[in-house]
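This report is for a reader new to the structure. Look over the sequence and the model, then read on.

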Amino acid sequence: MYWPPTDNDARQDGQDWQDRLLHLAKTQTYACDWGFVDCGAKDDATSHNGGAGNGKGALKIRVQQRFSPPVLSWCIDLNVTYTFYASGAISIRTIGIPQGENLPRTLPRVGFTMELPSSWASTTTTSPNRTPGSTKSIAVDVGGDIDAALTWYGRGHGESYNDKKLSQRVGTYAVQFISELWTEYEKAQEGSNRTDTRWLKLTNHDSRRAGQRQTLTVQFVGDEEGEEAPADRDVDLEGSKNLAPSSERKRSLFDFMASHYRAENIASPRHPHEVRSKRTDNVVLRLDAAHHELGSGACGPKTRDEYALVTKPFYFELLLG
C-alpha cells in the first residue's frame, strides 16, 4: 500500500503518511486454513484442512493478515483467498478493512508486489545499449506474436496515472527489456506506473530458448458497479488459458509497474545515480487495483478529495495464469 512519495506528495499527503508511519507498516499473518472446492458445486468447500478434492476441483487457501506499523493505534485487516485451479490459473481475492484510530487519511496504492527472477527481465542475455530512464516501447497489433519481455493492453507507451494519462493512447504495447519501462526523475521518487491496463503478459526468455513458452498473464476482475464486495465467491477458470472471467464477472482496469527497483531503494536515495546503484537483476512487478492521484502539491494544491485514494474498505481480485 506504500510507494516512495513524489514531489507532489512530500509536502501534502506524504507528510501524513510519514506521521502515521505508513512507510514502516508490515503485513503479518495470524490465521490460515485450506481445503478443496468443487468448481461446479454450490457448496463452497467439499473438504477442509487435508480433505481430498476431485479432478474438477481447486485448492483454496484463506489467509487472515494484518497490515500495520509498529504502533497499536491503527491497522488494516486483510482477508486474502488464494484459489489454485487445475488449469494452472491462480485467483487472489483480497478484502481490506481499516481499523483503529489515527488512520492515514489516504493510501498511496492498493495492490500486490512480487519479484520475478532475472530470466523474466528481457528476451536476450545481451544488455540494451540505452540511456537510463529512456523509453523505447513499441506499439504492436492486438494479437500479434512478437519477441517481447512484457506486453500489455492499456495506456502507453510512457508512464501514466489517473490524472496524468490523456496523452497516453490505449493500445497494445511491448518492450524487449523491462528496463525500458523505467522513468527516471532528477529526484528519486515514485514513477513508471501504467494505468487503465486491461491485461499484461510477461515472457521468460530462458524458456523460449529451451523451445518452450513460459508466460505469466495478469488480469483483474470486479463485480457489477454498486455491488458489495462478496465475502467469498469463485471464478470458474477451469480449462481457461486466457483467464477469461466467468459470465458473472467483468474485467476491470488496473495499474502495473515493472522495474529493477524495490520501493525502499527508491525512497531512501536523493539522486538518480544513487538509485541506479541499488538496481536488482530481478523484476519487481507491482499490480494495483487503485492508486492515489498525483495532484500538484509541489507548487500548488494537493490532490483533491474526489481524486484521492481515501482510506476505506476495499476489495479486488487478481488473476494469474
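## Terms and overview

Helices (H or I, at least four residues) and strands (E, at least two) are DSSP runs, numbered from the N terminus. This is a predicted model, in which local features need pLDDT of at least 70 and side-chain atom pairs count only at pLDDT 80 or more, while totals for chains, interfaces and linings use all residues. Residues are numbered from 1 along each chain as its sequence is written, and side-chain values use heavy atoms, with hydrogens and water left out.

The protein chain has five helices and 16 strands. Of its 321 residues, 47% count as buried. Buried means under 20% relative accessible area, exposed over 50%, and partly exposed in between (1.4 Å probe, protein chains only). A contact means heavy atoms within 4.5 Å. Among contacts in the protein chain between residues at least 6 apart in sequence, 71% join residues at least 24 apart.

## Confidence

pLDDT is the predictor's confidence in each residue, from 0 to 100. The protein chain averages a pLDDT of 79, and 77% of the residues score at least 70. Two stretches call for care. Over residues 41-55 the pLDDT is below 50, and this stretch has 26 contacts in the model beyond near neighbours in sequence. Residues 224-247 also have a pLDDT below 50, with 51 contacts in the model beyond near neighbours in sequence.

D9 sits in helix α1 (residues 7-10). It counts as buried because its relative accessibility is 1%. D9 touches W3, G14, Q15, W17, H292 and L294, leaving aside residues up to four places away in sequence. D9 and H292 are 283 residues apart along the chain, yet their C-alpha atoms are separated by 9.7 Å.

T106 is placed in the loop between β5 and β6. Its relative accessibility is 0%, so T106 counts as buried. The T106 side chain makes a polar contact of 3.1 Å with the side chain of W17. A polar contact is a pair of N or O atoms within 3.5 Å; within protein, one must be able to donate a hydrogen and the other to accept it, and residues adjacent in sequence count only if both atoms are side-chain atoms. Not counting residues up to four places away in sequence, T106 touches D13, D16, W17, H292, A308, L309, V310 and T311.

## Two strand residues

S91 belongs to strand β5 (residues 90-100). It is buried because its relative accessibility is 1%. Its side chain makes a polar contact with the side chain of E317, at 2.6 Å. Beyond residues up to four places away in sequence, S91 touches T81, Y82, T83, Y85, E317, L318 and L319.

K26 lies in strand β1 (residues 26-38). Is K26 buried or exposed? K26 is exposed, because its relative accessible area is 57%. It touches R66, F67 and S68, not counting residues up to four places away in sequence. K26 and C75 are 49 residues apart in sequence and 9.9 Å apart in space, C-alpha to C-alpha.

## Backbone exceptions

Most residues other than glycine have a negative phi, and most peptide bonds are trans. N102 is not a glycine, but has a positive phi of about 60°. This residue lies in the loop between β5 and β6 (109-116). N102 counts as partly exposed, because its relative accessibility is 47%.

D196 is not a glycine either, and has a positive phi of about 55°. D196 lies in strand β10 (residues 194-197). With a relative accessible area of 10%, D196 is buried. A cis peptide bond joins G156 and H157, with omega about 10°. H157 is in the loop between β8 (150-156) and β9 (169-175).

## The cavity

Rolling a probe the size of a water molecule over the atoms shows where empty space is left. On a 1 Å grid over the protein atoms alone, a cavity is a set of points where a 1.4 Å probe fits but cannot get out, and lining residues have an atom within 4 Å of a point. Grid points are joined across faces, edges and corners, and a volume is the space filled by probe spheres set on the points.

The structure holds one cavity of 30 Å³ or more. About 70 Å³ of space lies in the largest cavity. Its lining is formed by W182, T183, E184, Y185, K187, A188, Q189, I266, P272 and V275. These lining residues divide into six nonpolar, two polar and two charged. Here Ala, Val, Leu, Ile, Met, Phe, Trp, Tyr, Cys and Pro count as nonpolar, Asp, Glu, Lys and Arg as charged, and the others, Gly among them, as polar.

Key:
On a 1 Å grid over the protein atoms alone, a cavity is a set of points where a 1.4 Å probe fits but cannot get out, and a pocket is an open set with protein on both sides within 12 Å along at least five of seven lines; lining residues have an atom within 4 Å of a point.
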